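Here's a friendly walk through one protein model, from a few single elements out to the whole chain. Take a look at it first, then read on.

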Amino acid sequence: MDKSWMTLGKTPHGRMSRQYLDGVKMFLDFAKAVGDLNGNIPCPCKNCVNFYRQTPKIVRIHLLQCGIMQSYTKWFEHGEPRVLDDSHDHEMSDTQTLDGIDVMVEDRVRGESIDMQQDEEVHKFDKLLDDAKREVYPGCTNYTLLKFVIEMLNVKVMTNLSNKGLDMILDLLIKLLPKGNLVPRSTYEAKKILRDLGLSYEHIHACKNDCALFWKENANLDVCPVCKESRYKVNHVGGTKIAHKVLRYFPLTPRLRRLYMSRKRAEDMRWYIDKRVDDGISRHPADSEEWKEFDVQHPRFALEPRNVRLGLATDGFNPFGNMNNSYSMWPVILIPYNLPPWLVMKEPFFMLSLLIPGPHQPGNEIDVYMRPLVDELKELWQDGALTYDASSGMKFQMHAALLWTIHDYPGFGNVSGWRTKGYHACYTCNDEPYSESLESKIGYTNHRAYLPMNHSFRRSRAYNGKVEKRMRSLELPVGKIQEQLENMPTLTLGKNPSNIRRPRELIGEPNWKKVSILYELPYWMNKKLKHNIDVMHVEKNISESTFGTMLGIDGKNKDTDKARMDLERMNIREMLHLEVLPDGSCRKPRAIFSLNTAERDGFYDFLKSVKYPDGYAANISRSVNTRNGKLSGLKSHDCHVLLQRILPIGMRGFVDTNITTLLFELGSFFQDLCSKSLRQSDLEELEERIVLILCKMEKFFPPAFFDVMVHLAVHLPREAILGGPVQYRWMYPIERFLGTLKRYVSNRARPEGSIAEAYILKECITFCSMYLDGIETVHNRRERNEDSGECSKGLTVFTQTARPTGCRRIDGELSYELRDIAHWYLLYNTLELESYLEEHKNLLHTPNGEDITQIQRREFPKWFKERMNSLRVNGSPEATDQLWALANGPNLLVKEYSVCIVNGIRQSKFSTFVIPNWVDIGKLCNASNLGECLMYQR
């Protein structure tokens with residue numbers, strides 16, 4: 001079918017030509033077959049983009065007025081068979097005139113619905129299409145204005161270039177390029193060009209006391225409807241009114257729609273249903289019990305696999321990086337869990353939904369600020385949003401649901417409404433906690449209650465001087481939460497001084513302080529896992545308490561005088577009770593887990609000596625201060641590495657064997673819990689292990705050691721059963737994203753505004769960069785320790801890639817001993833030489849007691865060299881160039897590098913790498929075909 005007439009639709013003159021008119025008539029005759037009951041067909045004009053159905057008469061008028069979409073070369077919406085290819089979007093596969101930027105604009109037009117302000121929207125899209133065709137300067141064939149602006153702003157985003165820096169580059173390009181160029185004069189003008197490609201956000205005024213938002217029914221009020229405080233700051237000069245607080249709200253629906261604009265990303269959103277392997281191993285939230293239970297409870301939602309499952313994360317941070325300046329800003333972030341594991345927790349796919357302003361944290365009043373998001377989530381659950389799916393070329397009604405929330409434990413209390421302090425601080429234990437009052441705090445001990453009734457630990461009085469007869473379950477019934485919340489009194493939120501100290505009786509039993517706004521979601525009450533306990537913070541607190549107590553670090557040591565008084569009150573461990581000296585002072589006997597000064601110095605020396613692969617951990621030795629005996633400045637990930645890997649090994653030899661064994665068991669528990677793949681049976685075993693570990697720790701460590709954060713470890717395996725691997729539910733990626741937001745602050749007087757504007761630009765460039773080729777973007781950024789290079793053909797020993805870097809010395813010389821070691825290693829580990837090694841082994845006569853491998857190490861290189869040389873002289877094809885080179889080995893002249901990256905691991909600083917040159921390698925073939933031998937020398 002001839003479709004050449006479509007190109008005439010670009011101009012008004014072409015649309016009036018006879019060929020174009022005949023083509024429109026032919027198209028309408030062809031499309032009648034897909035008409036609905038009213039005879040309407042999808043309109044392929046540039047404005048309707050097959051999104052709206054019109055009568056054939058209206059379609060003809062639109063095609064004559066606006067022209068047909070140039071990318072619509074396959075009429076699959078009007079009856080042509082659908083053929084998919086590997087391009088960004090199948091409807092553009094046969095056109096050679098559209099580059100990635102044109103595809104992006106078409107996706108943008110097709111993916112965004114046209115609202116009531118149709119003329120304005122059409123004008124925006126026409127301007128985008130025009131910018132996608134305009135040359136940067138007369139005669140430029142490689143770059144259009146839109147492509148140039150996108151790539152320049154991509155450079156700004158990727159390198160954290162300041163606005164001033166980009167302004168200077170643009171000014172230089174204006175002078176450099178020919179006259180008449182269209183290079184924007186400033187960063188501001190460049191952003192204006194991309195304004196219609198990005199997504200917007202809303203400013204919503206808030207009460208200074210966090211009582212209410214001036215939104216919807218309160219939008220026109222000048223005073224707070226709750227506390228009657230003024231909406232605006234006092235401005236004696238006059239002019240523009242300035243609100244006390246401004247909430248930045250980033251609407252969710254258009255951002256979810258954008259996930260389906262690109263064909264590749266739309267396919268990724270179906271990964272969990274199309275490509276996930278369901279073999280009983282949990283690798284993704286879709287494998288979790290909570291996900292599957294939700295599908296059972298809501299089959300209509302599960303029927304459409306493109307419906308989006310979301311996680312909600314929030315935490316506060318100081319945007320200034322100066323802890324002396326008290327300022328707390330709280331972003332609310334949404335995570336789409338439909339994506340595959342390698343994308344789901346990556347920063348480009350985090351959606352900033354709310355930016356709650358400072359300077360004070362919202363605390364209990366976070367519900368006030370979450371109102372716009374919860375209303376939109378309710379709308380997406382009930383009504384959904386019409387969305388274009390680029391992978392199928394069809395529109396569908398997209399719904400969304402919130403799976404769970406992610407936060408630290410104080411944030412847990414703010415979002416859930418459960419008070420995370422006091423005797424009932426543990427949400428899962430609910431109204432049956434095993435907490436008790438100690439001299440200095442509330443302790444969470446008696447983990448023996450989770451053991452089987454016949455366990456020997458229950459009968460021991462070494463724990464608290466009592467036999468444990470109580471029995472507890474690790475599961476929290478959903479019905480219990482519902483019953484408690486039904487009896488909650490109605491609270492008025494806000495920090496007005498008149499109600500800043502609420503009477504204790506207004507807090508619901510056993511420890512509720514409010515009914516969270518999330519319970520307005522129709523499905524929220526019946527969920528087993530609503531709020532996650534953050535593994536990152538649990539690990540950090542347990543790690544700090546453990547090494548702080550063992551090393552006696554002030555502020556972190558739980559083995560204090562008051563802790564010894566607890567032991568005396570419980571009448572346990574008499575040898576650790578405080579001893580009163582004749583002068584009236586007290587002496588604290590040394591516990592088996594404590595290190596003396598010499599042992600502590602030895603442990604610190606061990607920490608300083610540990611070397612880590614690049615990127616595995618920070619340099620923990622910098623946190624060691626031997627002068628005052630402190631280990632400070634550790635980040636959360638440092639504590640993660642210490643607890644799981646370093647502490648058990650470092651303490652071995654300094655403390656009692658029972659303590660060392662206990663540290664290994666604790667580290668092993670968290671290693672298994674943090675695995676990328678989990679089995680149901682393994683998690684059930686972990687539940688039993690952590691109970692035993694905590695019981696053993698109760699036997700040695702003081703009761704004050706067991707605060708609520710230590711106790712929460714007992715509930716982590718059950719949450720992993722419900723929610724899947726912890727990598728999708730912990731705060732590490734969220735904390736890194738908060739660090740990114742902090743770097744967006746360019747105006748310290750307006751931190752929220754700086755972050756919002758920078759995020760909108762980053763969001764736009766992230767979307768556009770999917771269509772850019774040949775440059776580095778957030779989607780194709782090179783890994784820090786990428787080997788690079790191409791694998792050569794031939795022997796396996798020559799197919800390995802490596803990237804030597806760092807200081808280089810080309811005139812290095814290898815010792816005979818080191819050369820022989822390297823040569824034997826290669827000969828012994830080359831798969832193609834196994835037959836020769838076996839043949840040589842059969843020829844050897846092994847003396848009694850001598851290792852055959854050691855004999856081969858001495859004699860095989862010489863035997864193999866003579867064998868290859870003999871075959872070479874006789875012209876045998878068996879003696880290939882690579883085998884002959886390998887038999888003759890490297891010479892003594894080498895290139896030395898201080899750093900080398902192999903298999904994604906960087907070895908540096910304390911290592912030296914040498915690259916030997918093979919004998920006569922230049923005569924045999926190109927060196928790159930033979931590869932390079934990497935040796936590790938200490």
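The expected span is 1.5 Å times one less than the number of residues. Helices here are DSSP runs of H or I with at least four residues, strands are runs of E with at least two, and both are numbered from the N terminus. Because 16 of its 18 residues are buried, α28 is largely enclosed by the rest of the structure. Buried means under 20% relative accessible area, exposed means over 50%, and partly exposed lies in between, using a 1.4 Å probe and protein chains only.

Helix α6 (residues 145-159) tells a similar story: 15 residues should span 21 Å at 1.5 Å a residue, and the end C-alpha atoms are 21 Å apart, in agreement. This helix is mostly covered too, with 13 of its 15 residues buried.

## What you're looking at

A quick word on ground rules: this is a predicted model, where local features need pLDDT of at least 70 and side-chain atom pairs count only at pLDDT 80 or more, while totals for chains, interfaces and linings use all residues. Residues are numbered from 1 along each chain as its sequence is written, and side-chain values use heavy atoms, leaving out hydrogens and water.

The protein has 34 helices and 24 strands. Of its 938 residues, 54% are buried. Its accessible surface comes to about 44,200 Å², and 50% of that belongs to carbon and sulfur atoms; the areas come from the Shrake-Rupley method with a 1.4 Å probe, and for residues only the protein chains shown count as cover. Among contacts with a separation of 6 or more, 65% join residues 24 or more positions apart, where contact means heavy atoms within 4.5 Å.

## A strand covered on both sides

Now find strand β7, residues 308-314, where seven of seven residues are buried. In a regular strand the side chains alternate between the two faces of the sheet. In β7 both faces are covered: Val308, Leu310, Leu312 and Thr314 lie on one side, with Arg309, Gly311 and Ala313 on the other.

Which strands does β7 pair with? One is β12 (residues 400-406), in the parallel sense over six bridges, and another is β8 (residues 330-336), in the antiparallel sense over five bridges. Two strands pair if DSSP finds at least two bridges between them. Arg309 has Ala401 of β12 as its bridge partner, while Gly311 stands opposite Ile335 in β8.

Arg419 sits in the loop between α17 (409-416) and β13 (435-437). With a relative accessible area of 30%, Arg419 is partly exposed. Lys514 is 95 residues away along the chain, yet the two C-alpha atoms are separated by 8.9 Å.

Arg569 belongs to helix α20, residues 561-570, and is partly exposed at 45% relative accessibility. Its C-alpha is 9.6 Å from that of Asn464, which is 105 residues apart in sequence. Leaving aside neighbours within four places in sequence, Arg569 touches Ser437 and Leu438.
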